[in-house]
Amino acid sequence: MNGLVAAPMLVPLVTAAVCTLLRRMAVLQRGFSLVGSAVEIGVALLLLVEVNSSDYLVSNMGNWQAPFGITLVIDRLAAVMVLLTALTGAASAWYSWISLPKSALSPAFHPLLHFLLMGVSGAFITGDLFNLYVCFEIMLLSSFVMLVLEGKAEQTEGAVKYVVLNLMSSTIFLTALGLLYAKAGTLNMADISILAQEAVAEHRAGPLRLGGLLFMVAFAIKAGMFPFFFWLPASYHTPSVPVSALFAGLLTKVGVFALIRLHTLIMPNDVLGHEILLVLGVATMITGVLGAAGQMGIRRILSFHIISQVGYMVVGIAIGTPLALAACVFYLCHHIVVKSNLFLVGGIAADCAGSEDLRKTGGMWLAWPLLGLLYLVPALSLSGIPPFSGFFAKLGIVSAGVERELWWVVAAALATGAFTLYSMFKIWIEAFWKDHPSSGFRLAPEQRSFVRLWPMLALAAITIAIGLMSGPLFHFCEEAALQLLNPNGYIHAVLGGRL
Amino acid sequence: MLLELTLAIPVLLAVVAPLAWRRLGAWWPRVASLGALTVFVFLLLMLPDAILGHPQTVTREWMPQLGVTFALRADSFGIFMALIISGIGWGIMSYAGGYLGKDERTGSITGWLLLFMAAMIGVSVADNILMLFVSWEMTSFTSFMLIGTNHRDEESRVGAKQALLVTAIGGLALLGGLVILGRQAGTWNLSEMPAMHDHPFALGAFVLICLGAFTKSAQFPFSFWLPGAMRAPTPVSAYLHSATMVKAGVFLLARMHHVLGELPAWTPTLVITAAATMILVILAVPRATDLKALLAYSTIGALAIMVGLIGIGTDKSMTAMVVFLLAHACYKGPLFLVAGSIDHAVHSRDIRRLGGLAQKMPVTIVTGVIAGLSMVGIPPMLGFIAKEYALGAGMNYAPWVAGLITVLAMAFVLVAANVILIPAFGKKRELASHAHEAPWSMRVPMVVISSLGLILGVSPGLLERYIVGPAVTSLEVTPVHLSLWHGWNLPLLLSTAAVFWGGLAFWKRTALGAFCPALPSGPRIFDAIWNGTVGFGRNVTRILQNGSLTMYLGTIVVVACVLLLSVWIIEAAPIDVDVVRKVPIIDVIIAAVIAVSAVVTALARRRLPAIAALGAMGMGVTLFFLASQAPDLALTQFLVEILSVVILVIGFRHLPDFRITKKRYQIGRVAIAVLVGFTMSVMTLVALSTDYAAPISAWHGDNALTKGHGHNVVNVILVDFRGFDTFGEIIVLGIAALGVGVLVGSLQKLRKHNPEMLSGNTKEPVQ
C-alpha cells in the first residue's frame with residue numbers, strides 16, 4: 001500500500017498533463033478532467049481506509065532513506081485532507097462543465113486545476129520542509145494563473161496583490177528554511193522534531209523557536225490570518241466561480257495545515273508560540289467577521305468569512321489540547337465542504353440574478369426555491385445552526401475553550417457566531433427574499449436548469465452527512481488529534497530504524 | 001417508539017408539504033392538522049407512564065464526545081408542554097387552511113409550521129441539554145422563515161431579521177451557558193443533573209442561560225422583536241409568537257430551576273427582569289391600536305408574570321406558573337385567531353376602524369368573549385385561577401410584586417376590551433358592511449381551544465390530578481392544591497380591583513393613551529447599536545484592507561519583525577560574538593559592496609541607474625558564493641542576475657513613469673528597511689551561534705559517489721537524493737510556461753484598457 005503514497009500528487013499530475021495535451025478538444029478535456037477527479041477521490045478513499053488501520057503510510061522518494069532523501073508521510077489528518085482536496089477539485093471541475101458556457105472557460109483551466117490539486121495534496125503529504133516549499137510554489141503559480149484566466153482588469157489587479165503578498169510568504173518561508181538548516185542541518189520534519197524535543201528538554205530551544213516563529217509568519221500569511229490576510233479579500237471575488245470556490249475551499253487550509261504540523265511536529269511544546277497564535281487567531285476571527293458585515297458583494301462577504309473561520313481553526317491549534325485539535329480537524333473538514341459550496345451556490349445565484357452586488361439582486365426565493373434551499377444548507381451550517389455540521393465544529397472549539405477556561409476566547413467565538421449569522425442572512429434577505437430591483441426579472445429556462453445544481457447537491461449532502469454522523473467523524477478527528485499530539489509515532493514511522 | 005413518532009410525524013409531513021399541497025389542495029391542511037392531532041394522542045398515551053414516574057425515554061448516540069446525545073425523556077412537564085404545542089398545532093393547521101385559502105404559499109407555510117412543531121416538541125421532551133439547544137435553534141430558524149412569509153414586504157424582512165438576530169444572539173449565549181453547565185455537572189442530561197449552585201462557574205452559566213431565555217421569551221430589554229414579528233400571517237403569530245415558541249424561554253427557566261434555583265442571584269435576576277418587562281407592557285398597551293400589537297404586548301406581559309413566578313421559585317409560584325402557562329395558551333391562541341378572523345373578514349386590524357361586527361360574526365365574537373374573560377380573569381375561567389395563584393405567590397414574596405401584577409392585570413383588561421368589545425360592539429363602521437363569518441375550518445379550532453379555558457376552569461380537580469400536579473412534580477417542586485374558590489382574601493380583592501380599574505381605564509382610554517409617554521422604539525435602538533457595530537467593522541476594514549499593496553507589505557513585514565524581536569528578547573536566545581569576529585575580511589568587503597548598491601538602488605531617481613545598482617548587488621552575491629567556494633552556485637547566480645537585468649530593462653520600457661515617493665513616506669520606508677535589516681541580522685547571528693546537530697550534508701558528500709554514482713555532490717543531490725524537489729520545480733516551470741501563454745493574452749488586453757491597474761496600488765472599492 002505504501003506505493004500509493006505518492007498517488008495524491010501523481011494522479012493530478014497525469015490528469016493535468018493529459019488535459020494540457022487535450023486543450024484543443026474541449027469535450028474530451030472536460031471528460032478526462034472529471035475522470036481524473038474521480039480517480040483522485042478513489043485513491044484518497046483507499047488511503048483513508050488504509051491509514052485508519054495502519055496509522056502511518058510512509059514512502060521514501062527514490063528510495064533514499066530518511067532523513068537524507070525526501071519522505072512522503074500520510075497520517076490520518078493528511079489522508080482526510082487529501083480526500084477533501086479531491087472532493088473540492090471534483091466539485092469545481094463538475095461545476096465548470098455544467099454551469100459555464102464553453103466560451104467562458106479557458107482551455108488552461110482544467111490543467112491548472114489539477115496542477116493546483118497536485119500542489120495542495122503534496123503539501124498535505126510531504127514530510128520534508130523544503131518539499132513543502134516546492135509544493136507551495138506549485139500551488140502559488142497555478143493559482144496565480146487561474147486568477148487571471150479571463151484577463152479582466154480587476155482580476156489582474158487582484159492577482160498582482162495575491163502574487164506579491166504570497167511571494168512575501170515564500171520569501172519568509174525560504175529564509176526560515178535557510179536559518180533552520182543552518183541550525184539543525186536537516187529538512188526532514190521528523191528529524192527536526194527530534195532535535196526540537198531534545199532542545200526543549202535541555203532548555204536551549206530559544207533559537208529554534210525564533211526559526212519556528214518565522215515559519216509561523218509564512219504559514220499565517222498563507223492561512224489568511226490577521227494581520228496578514230490582505231491578499232485574500234483583494235483577489236477572491238475576481239476569478240470565475242469554480243476557481244474561487246476551489247480557492248475558498250483549499251488554499252487557506254493548506255496554511256492552517258502547515259500551522260498544525262508546525263505546532264505539533266516541528267516545534268512541539270512551544271508555549272509562547274501557542275500564545276501568540278491564540279491572540280492572532282482570535283483577532284482573525286473578529287476582524288474577518290467585521291470585514292464581512294460591511295460588504296455588499298456575495299463573494300466579498302464569503303471571502304471575509306474564510307478569514308474569520310480560519311480564526312476558529314487557529315484557535316483550536318493554539319489551545320492545543322486533544323479536544324481542541326480534534327475540533328480544529330473537524331472544523332477543517334466541515335469548512336472546506338461548506339465554503340466551496342457557498343461560493344458555487346452564490347455563483348449560480350449571482351448568475352441568475354444578474355449581479356453579485358446584493359443591492360442589484362433579489363427575487364431568487366420565488367424564482368428558484370430549490371436554489372434557496374441549497375443556499376440555506378451551507379449557510380446555516382456556516383452560521384453554526386444545528387443540526388448542520390458547523391454547529392458541531394463550533395461546539396468543539398467552544399468546549400475546548402471552556403475546558404481550558406479561556407473565557408475571552410469563548411466569548412469571542414460566540415460573538416463571531418452572531419455576526420456570521422448576520423451576514424449569511426443578509427445574503428439570504430437581499431438575494432433571495434427581496435424583490436429583484438428590475439421589475440421584468442425572470443429566469444431563463446436554461447439558467448434554471450436542474451443539472452446545474454448537481455455539484456451543490458452533492459456538497460450539501462456531505463454537509464448534512466457530517467452533521468448527522470458527527471459522532472463517528474469526531475471520533476476519527478480525535479484519533480487524528482492524538483496522532484498529531486504524539487510526534488514520536490510520526491518520527492518512528494519515518495525514521496524507524498534510526499530511532 | 002411513540003416518543004420518536006411525535007417528532008418524526010411532523011418532520012415527515014413537513015418534508016412532503018410543498019408537494020402534498022400541490023396534489024391535495026384544500027385537503028392538505030386537514031391532513032396536516034390530523035397529523036398534529038395524532039401527535040397529541042400519542043402524547044396523551046404516554047402521559048400515564050409519566051404520571052406514574054417512569055417516563056418513556058429514547059437514547060441514541062449522536063456526538064457523545066461533546067455531549068450531544070439524542071436523548072429524549074417524556075416526563076410530565078415535557079408532555080404538558082408538548083400537549084399544548086400539538087393541541088394548538090392541530091387548531092392552527094386547520095385554521096391556516098381556511099385563513100390562507102387558495103394562497104399558493106400554503107404548502108410552504110404549513111411545512112415550516114410542521115417543522116417548527118417538531119422542533120418545539122423537541123425542546124419540550126429533550127433530556128440532553130444540547131439536544132434541547134439543537135431544537136431551540138431550529139425554532140428560531142423556522143420562526144425566521146415564518147415571520148418572513150410576506151418577504152416581498154420590507155417590514156416583514158426587517159421583523160424577521162431582528163427576531164432572528166435577537167434570538168440567535170441569545171442562543172449563542174445559551175450555548176455557552178449550557179456547555180459550561182454540562183462540563184461542570186459531568187452529565188448532559190437534565191434528569192441526572194444535580195443542584196449546581198455551589199459550582200464555581202454556575203453564576204456565569206446562569207447569566208448566559210438567562211440571556212437565552214429572556215431573548216426567546218421577549219423579556220426586557222429584548223422585548224421589541226415580538227411586536228415586529230407580528231408581520232407574520234396571523235396563524236403563525238398565534239402559534240409561534242403567543243402560544244408556544246415564546247414560552248420556550250419560560251420552559252427552559254423552569255427546567256433549570258432545580259439545577260440553578262438555589263443560586264443567590266436566581267430570584268432577584270428573574271423577578272427584576274420580569275418587573276421591568278411588566279412596566280414596559282403597562283406603558284405600551286394604552287397607546288397601541290393594532291389588534292395584533294395589543295395582543296403581542298399582553299403576551300410579553302404574561303411571559304413576564306411566568307418568568308417572575310419561576311424567579312420566586314416557591315411551591316405555590318411554580319404551580320401558579322404551570323397553570324398560567326396553560327391558561328395563557330388557551331386564551332391567547334384563540335384571541336389571535338379571533339383577530340385573524342376579523343382581519344380576514346374586513347382586512348383591517350386597526351381598532352380605530354373596527355366596530356359593529358357582533359351580528360355579522362357571532363361565533364367569532366362569542367369565542368373572543370370567552371377567551372377574553374379568561375384573560376381578564378373572571379371566574380370560573382382558567383385564567384381566573386391562574387391570576388389568583390400568581391397574585392398569591394407574588395404576595396407571599398413581596399407586596400410590590402403583587403401590586404405590579406395587579407396593574408398588569410388592569411392592562412390585560414384594557415387589551416381584552418380593545419380587542420373584543422370595540423370590534424364587536426363599537427360604532428358600526430363602513431368596513432363592517434361586507435364582513436362575513438369565518439369558515440368552519442377556522443371557527444372550530446377557535447371554539448374548541450377557548451372553551452378548554454372554561455372546561456378546565458370549572459374542573460380544577462381534574463387539572464390538579466392529571467395535568468398541573470404531575471407537571472409541577474416533575475420540576476422537583478411539590479404542587480399546591482388547586483381550587484376555583486378560596487374565600488374572601490387579598491388576591492381576590494386585588495383581582496377584583498384590577499377588573500374594576502381596568503374597566504375604568506377602558507372607559508377613559510383616549511385620555512389614558514394621551515397620558516402615557518411614547519416609548520423609545522426598541523427596534524430603532526437595536527438597529528442603531530447593530531448598525532453602529534457593523535459601521536465600526538466597515539471602518540476597521542477600510543483601514544486594514546485599504547487597497548494599497550505598499551501598505552499591505554509594510555504591515556506584514558513590520559508585524560513579523562516586531563514578533564520576532566519580542567520573542568528574541570523573551571526567549572533570550574544567545575548571540576555568540578565570536579561568530580562576527582570569525583568573518584573573513586573578503587566577506588566584509590563583499591557585504592559592503594552589496595550594502596552600497598542596495599542604498600544606491602533605493603536612492604536612484606531614474607530607472608537605469610536603479611537597475612544597474614541592482615545588478616551590482618547581484619554581482620556582489622555572486623562574488624560571495626565564489627568566496628565561499630561554491631563555483632556552481634556562483635555561475636547560476638551570475639546567469640540569473642544578467643537575465644534579470646536584461647528583462648528589467650526591457651520590461652520597464654512598458655511601464656508608467658518612475659514615481660518618486662514623498663519625503664514623509666520615504667522616512668517610513670527607511671525605518672522599515674532598517675527594522676528588517678536589524679531583525680534579519682539578529683536572526684542570522686542567533687542561527688550561527690547555535691548548532692544542534694551535524695548537518696546531513698556530510699552523508700550526502702560521503703555517498704554521492706558510492707550510491708549516487710556522481711562526482712558532483714550538488715548534482716547528485718539535485719537529481720537524485722532530492723530529485724523529487726527538482727521534479728516539483730520542473731512542474732513549476734511548466735505551469736509558468738502555461739501561465740505565460742495565458743498572461744500574454746490578458747496583458748495585451750489590459751494595457752489597452754487600463755494601464756494603471758498594473759501598479760498594484762489602485763483602490764479596492766470597499767463597499
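Select Trp454(A): at a relative accessible area of 42%, this residue is partly exposed (buried means under 20% relative accessible area, exposed over 50%, partly exposed in between, with a 1.4 Å probe and protein chains only). The model is predicted, so local features need pLDDT of at least 70 and side-chain atom pairs count only at pLDDT 80 or more, while totals for chains, interfaces and linings use all residues. Residues are numbered from 1 along each chain as its sequence is written, chains are lettered from A and ligands numbered from 1 in the order in which they are written, and side-chain values use heavy atoms, with hydrogens and water left out.

Trp454(A) sits in helix H18 (residues 454–468) of chain A; helices (H or I, at least four residues) and strands (E, at least two) are DSSP runs, numbered from the N terminus.

**Salt bridges in chain A**

Next, go to helix H6 (residues 153–184) of chain A, where Glu157(A) and Lys161(A) lie four residues apart, about one turn of the helix. The two form a salt bridge, with the closest N and O atoms 3.2 Å apart (a side-chain nitrogen of Lys or Arg within 4 Å of a carboxyl oxygen of Asp or Glu). Glu157(A) and Lys161(A) are both buried.

Then select Asp270(A) and Arg209(A), a salt bridge whose closest N and O atoms are 3.3 Å apart. This pair links distant parts of the chain, 61 residues apart: Asp270(A) is in the loop between helix H10 (241–266) and helix H11 (271–293) of chain A, and Arg209(A) is in helix H8 (residues 206–223) of chain A. Both residues, Asp270(A) and Arg209(A), are buried.

**Across to chain B**

Leu141(A) is in helix H5 (residues 129–147) of chain A. Apart from neighbours within four places in sequence, Leu141(A) is in contact with Val732(B), Ile735(B) and Ala736(B); contact means heavy atoms within 4.5 Å.

In chain B, select Arg349(B) and Asp343(B), which form a salt bridge with the closest N and O atoms 3.6 Å apart. Arg349(B) counts as partly exposed because its relative accessibility is 22%, whereas Asp343(B), at 14%, counts as buried. The structure holds 25 salt bridges over all chains.

**Chain B as a whole**

Chain B has 30 helices and two strands. Its radius of gyration is 38 Å, well over the 27 Å that the globule rule gives for 767 residues, so chain B is more spread out than a compact globule. That radius is taken over C-alpha atoms, and the rule is 2.2 Å times the number of residues to the power 0.38. Along the principal axes, the C-alpha atoms of chain B fill a box of roughly 110 × 60 × 55 Å. Of the 767 residues in chain B, 54% are buried.
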